[in-house]
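Hello,

Here is the structure you are taking over. My notes follow it.

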Amino acid sequence: MNMIFETHAHYNDEAFQEDREEIFAQFPEKRIGTVVNIASDLKSIDECLDLAHRYPFMYCALGIHPSDCQPLTEELLEEIRGKLSDPRVVAVGEIGLDYYWDTTFRDAQKYWFERQMEMARDTKLPVVIHSREAAQDTLALMKKHRAEEIGGVVHCFSYSAEIAKEVVKMGFFIGIGGVITFKNARKLKEVADQVPIENIVLETDCPYLAPVPFRGKRNSSLYLPYVVEELAKIKGIDTEEVIERTAQNARRLYSRITDL
Ligand SMILES: [Zn+2]
């Protein structure tokens, strides 16, 4: 049976403190097969590593989110680099630019985005990119660093179909989650329609962005079937095909998993 591949979760978040185990226990019946847990700040790096070592279905990406990049130093970056050789680490992320939350530290964001892309190239890992209200700068830095040679995903994609095509041209994947079920998600539905299924991966970004009918509540991978259903409708294919194809894509994205 095909299993759903969850490419972007934050189970280290305190929102899961109480019942993390109970959620994980339901994964088999909801057909959640593999989960990649994504770090965002310095503290979460060790938490993500720890979770990835505790659960056989879980892997992790290590990196610093643009909104959390201010405490970063070259020494701390070296520390992170040292941890990337762990076989449970499958990507550098999440890294990128966020001009929505943080409008004052754009130069610092750009600097650490670039440094972490270089680190990904050096360690032969793909990147998990977070980009919000920063499409042009993100594309420019991806091009500057020849991101097509690094590979990766632009997660929780929030831009137009035109930008999506630029990203896909670089061989990148588009991460699609709960937002696709929102009534007002016209732009993302158009992206899902126009981007080839070969370039789409499933994600939650949980605990955030729960799909309808749980919009506004805490999200978890258990709700991914709602995303699968919506994507199947948009693509005009059945849900089994969505599950199978997106899982294949996720294995191409996080190729260290099949190397194990
Ligand atoms: Zn995230």
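Helices (H or I, at least four residues) and strands (E, at least two) are DSSP runs, numbered from the N terminus.

Before the rest, the ground rules. This is a predicted model, in which local features need pLDDT of at least 70 and side-chain atom pairs count only at pLDDT 80 or more, while totals for chains, interfaces and linings use all residues. Residues are numbered from 1 along each chain as its sequence is written, and side-chain values use heavy atoms, with hydrogens and water left out.

Helix α9

The buried residues of α9 are Leu224, Val227, Val228, Glu230, Leu231 and Ala232; buried means under 20% relative accessible area, exposed over 50%, and partly exposed in between (1.4 Å probe, protein chains only). They pack against β1, β2, β7, α8, β8 and α10. Ala232 has a relative accessible area of 6%. Leaving aside residues up to four places away in sequence, Ala232 touches Ile237, Asp238, Thr239 and Val242, where contact means heavy atoms within 4.5 Å. Just after α9, Gly236 takes a positive phi of about 65°.

Zinc site

His8 (NE2), His10 (NE2), Glu94 (OE) and Asp205 (OD) coordinate the zinc ion at 2.1 to 2.3 Å. Donors are N, O and S atoms within 2.8 Å of the metal (3.2 Å for Na, K and Ca); water is not among the atoms, so sites may look incomplete. Glu94 lies in strand β4 and Asp205 in the loop between β8 and α9, so this pair ties together parts that are 111 residues apart in sequence. Glu94 is buried at 2% relative accessible area, and Asp205 is buried at 10%. The donor spacing along the chain is H-x1-H-x83-E-x110-D.

Cysteines

With a disulfide defined as a pair of cysteine sulfur atoms within 2.5 Å, the count is zero. Cys156 is in none, its nearest cysteine sulfur being that of Cys206 at 12 Å. Cys206 is in none either; the nearest cysteine sulfur to Cys206 belongs to Cys48, 11 Å away. Cys156 is partly exposed at 24% relative accessibility, whereas Cys206 is buried at 0%.

Regards
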